[in-house]
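Colleague: I am new to this structure and would like to learn how to read its features one by one. Could you show it to me and then take me through them?

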Amino acid sequence: MKRLLLALLLLLIATCHLAAQTSTTTLSGTIRDAAGQPLPGVNVFLKTTFDGASTDTLGHFRFTTTQTGTLPLFVSLLGYEPQEQPVALDGTSKSFALLLKPVRNQLGSVVITAGAFEASDEKRSTVLTTRDVQTTAGALADISGALNTLPGTSRVGEEGKLFVRGGAAGETKQYLDGLPLQTPYNASVSGVPSRGRFSPNLFKGTVFSTGGYSAEYGQALSAVVGLNSYDLAPETQTGLSLLSVGLSVSHQQRFERSSVAVTGDYTNLQPYYGLVPQRWGWMKAPQSMGGSLALRQRTGEAGMVKVYGTFTQSQFALRQPDPMFEGGRPIALQNSNQYVNATFRSPLTRGWSVQTGVAGTRDEQTVRPDVQYLHELEQSVVGRVVLTNDSASAAFNLKLGAEGLAQRYQQQYRKYSDANTIHLGFEEQRVTTFAESDVAFTNQLVARVGGRAEYSRVLGRWNAAPRVALAYQLKEGSQLSAAYGYFYQTPANDLLRIGQYNSTLRFERATHYLLTYQRTQNSRTLRLEAYYKDYAHLLRYDSTAAHLYNPAFYQSTGHGYARGLDIFWRDQKTVKNLDYWVSYGLVDTRRQQRLDPVLAVPTFASRHNLSVVGKYWIQKLHTQLGATYSYGSPRAYYNPNEAGYNQGRTPSFQDLSLNLSYVTTIWKNFTVVHVSCSNVLGRNNIYGYRYANTPNANGLYDGVAVTPAAPRMIFAGLLISINKKRPADTETAPE
């Protein structure tokens, strides 16, 4: 036993001695391109080991290894020729200065643009920026309002949401930092337009895809809006906004590797309505209050943790014009919304990176139309993880992802105060996986191939959605793109609350076909896109009182189509300080869905849509002038006094909006005075008609027009950045 212990002791001493002699080698250096510019995100590692690093924003890398002998150092970045050279690992530090050459088939020389408008300074196909959202006349600093000036959209003034290529508002899905938003708009009721919940100041870029979008996005039959928030706040700054409709206060604190931003908002339209006459009888003008908190923390050399939370409470009460109610139909709304979003992204190893996050939403609202009572509560949690590898090959990348959703929807309804309360609702668990790859065949030809699979517990079904896109570069700055794919969506909450008990229900589906030509040169963009959408398995139901709550009368038998042409032209070059764009959309669409007895033009679709947007910066006056003209051809509506279905046509929609932004200082603080007015010509736009449920003594159904609450909306604001001084370059328009 003693000999055994002695042998073990000698072995331990020898092992420790050998460990003490193990050498550590430090490898560091800088990697640049042929022009001498640093290359961030380059994957650098020793082959056959797990030792390596990625370059930072300055092209630097540094890592250590305990390996010995000679091993190949491998350097790779998508779009560049990989390099490999032997390195003697002898315990002494090694420094490298490397140059990477672009490869012939470099992925990225062609951009997949079919259906997608990129709105970020970091993208070469920039169309709109955050500043565009803030300064587009008529948009009132609302993201959806600005996007409604792009082709493919229809102006639906009574809703204020995005209606894209013959699709309803619910067919457009919005994502915040990769996580789907369950309630992207403020609460409202039919006939009262809503706004987006999020300020454009939160986002560094927006991707608006009107069709044929990436496999990483789902639950949208028509379009996707991807909102990407800022990382660290650029500077410490306090903001105060005095508005004609309320007040906003914000403060952001910047630290070396982190930042904190806090906002508070209060809106009350009562004083404004007291000055500007309204067509509607407002018993309580819209009021809301809310706030947000954004935390940002940089981790490692390239990682980022972001946490964002916001809450909103709102209410209003009014009397809407209605032929069945003398003096208007009373309706009141109260809403409470809470939202939190937490994301993390970081490079991993061997060219892999991860982006993951989780978001929670709680939305509760009570609506009281006349004597009725409707209470809704929706709660959801969604999680997502995406792995990306950009170094598998110079002409190939790979993206893998998974997404999960847990949702609970509850509804209580009473037809009148003494009636029994009807309890409805559903619980949904949905899981999704997707994979996608961009492949460069040549410098001119790039393909994106992907697929998405999804399971819905409430439907008890799977779906599979293949998607493919091609882009061919015709010459420098111009290219031709095409896209095809399946797109699925579960029916809306108000349909699933009852139809869930019908085992024959299916995912609603749209098949997209797109062909796009785009040319971007010298700050000018021309874009032409033709498309066709084929709808299948749309949900239909019977509104007869005896059938309304019977799941057997909910069927996935609806269908339809949408086809058209979108044209976009933007010029920021021809006239100094003038930026303008013209967009036109032609859509021919018909569908049979919900209550439609036959295939018909939906009431929210305009066949022709035109927007002309202009912005001119007057340097001497430190002022920017903006104007937007919008036109929408007549929309369909159902007139029970005439034979047929959706046979009526409204007058055309026309709107000329103007705004002015003046840059100055107040007590040496950077200040913007902003004034805007929508529909300055006071055109009486009509969005449709409401009819009585029963005929009058003459056998006709009385009706009233659905119009805005007032012919014009006038807005004034004083925006003060307390810690921000006026920029020296006064030729720059206000941001």
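This is a predicted model: local features need pLDDT of at least 70, side-chain atom pairs count only at pLDDT 80 or more; totals for chains, interfaces and linings use all residues.

Colleague: What is a salt bridge, and how are the helices and strands defined?

Modeller: Side chains of opposite charge can pair when their charged atoms come close. The term salt bridge is used here for a side-chain nitrogen of Lys or Arg within 4 Å of a carboxyl oxygen of Asp or Glu. Helices (H or I, at least four residues) and strands (E, at least two) are DSSP runs, numbered from the N terminus.

Colleague: How many salt bridges does a search of the whole structure find?

Modeller: The search of the whole structure finds 27 salt bridges. One of them joins Lys 306 to Asp 231, with the closest N and O atoms 3.2 Å apart. This pair also links distant parts of the chain, with Lys 306 in strand S17 (residues 303-320) and Asp 231 in the loop between strand S12 (223-229) and strand S13 (237-243), 75 residues apart.

Colleague: Are Lys 306 and Asp 231 buried or exposed, and how are those words defined?

Modeller: Buried means under 20% relative accessible area, exposed means over 50%, and partly exposed lies in between, with a 1.4 Å probe and protein chains only. Both Lys 306 and Asp 231 are buried. In the pair we began with, Asp 370 counts as partly exposed because its relative accessibility is 22%, and Arg 329 is partly exposed too, with a relative accessible area of 23%. Another salt bridge is formed by the side chains of Arg 362 and Glu 364, at 3.1 Å from N to O; here Arg 362 is partly exposed at 31% relative accessibility, and Glu 364 is partly exposed with a relative accessible area of 25%. Elsewhere, salt bridges that share partners join Glu 216, Arg 384, Lys 399, Glu 403 and Arg 452 into one network.

Colleague: Which residues touch the most other members of the largest nonpolar core?

Modeller: A nonpolar core is a set of buried Ala, Val, Leu, Ile, Met, Phe, Trp, Tyr and Cys residues joined through side-chain atoms within 4.5 Å. The largest has 29 residues, of which Leu 176, Phe 198 and Phe 208 touch the most other members. Helix H3 (143-147), strand S11 (203-209) and S12 are the elements that give two or more residues to this core. Apart from it lies another core, of 19 residues, including Ala 53, Leu 77, Leu 89 and Phe 96.

Colleague: How many aromatic pairs are found in the whole structure?

Modeller: Rings of Phe, Tyr and Trp (its six-membered ring) pair if their centres lie within 6.5 Å; planes under 30 degrees apart count as stacked, over 60 as edge-to-face and the rest as tilted. A search of the whole structure finds 23 aromatic pairs. Among them is the tilted pair of Tyr 484 and Tyr 513, at 5.3 Å centre to centre and with 50 degrees between the planes. Tyr 484 lies in strand S25 (residues 478-489) and Tyr 513 in strand S26 (residues 508-521), 29 residues apart, so this pair links distant parts of the chain. Ring pairs also link Tyr 484, Tyr 486, Tyr 488, Phe 507, Tyr 513 and Tyr 532 into a cluster.

Colleague: Which residue lies over the face of Tyr 486?

Modeller: A charge sits over a ring if NZ of Lys or CZ of Arg is within 6 Å of the ring centre and within 35 degrees of the ring normal. Arg 509 lies over the face of Tyr 486, at 4.7 Å from the ring centre, and Arg 414 lies over the face of Tyr 373, at 4.3 Å.

Technical notes
Residues are numbered from 1 along each chain as its sequence is written. Side-chain values use heavy atoms; hydrogens and water are left out.
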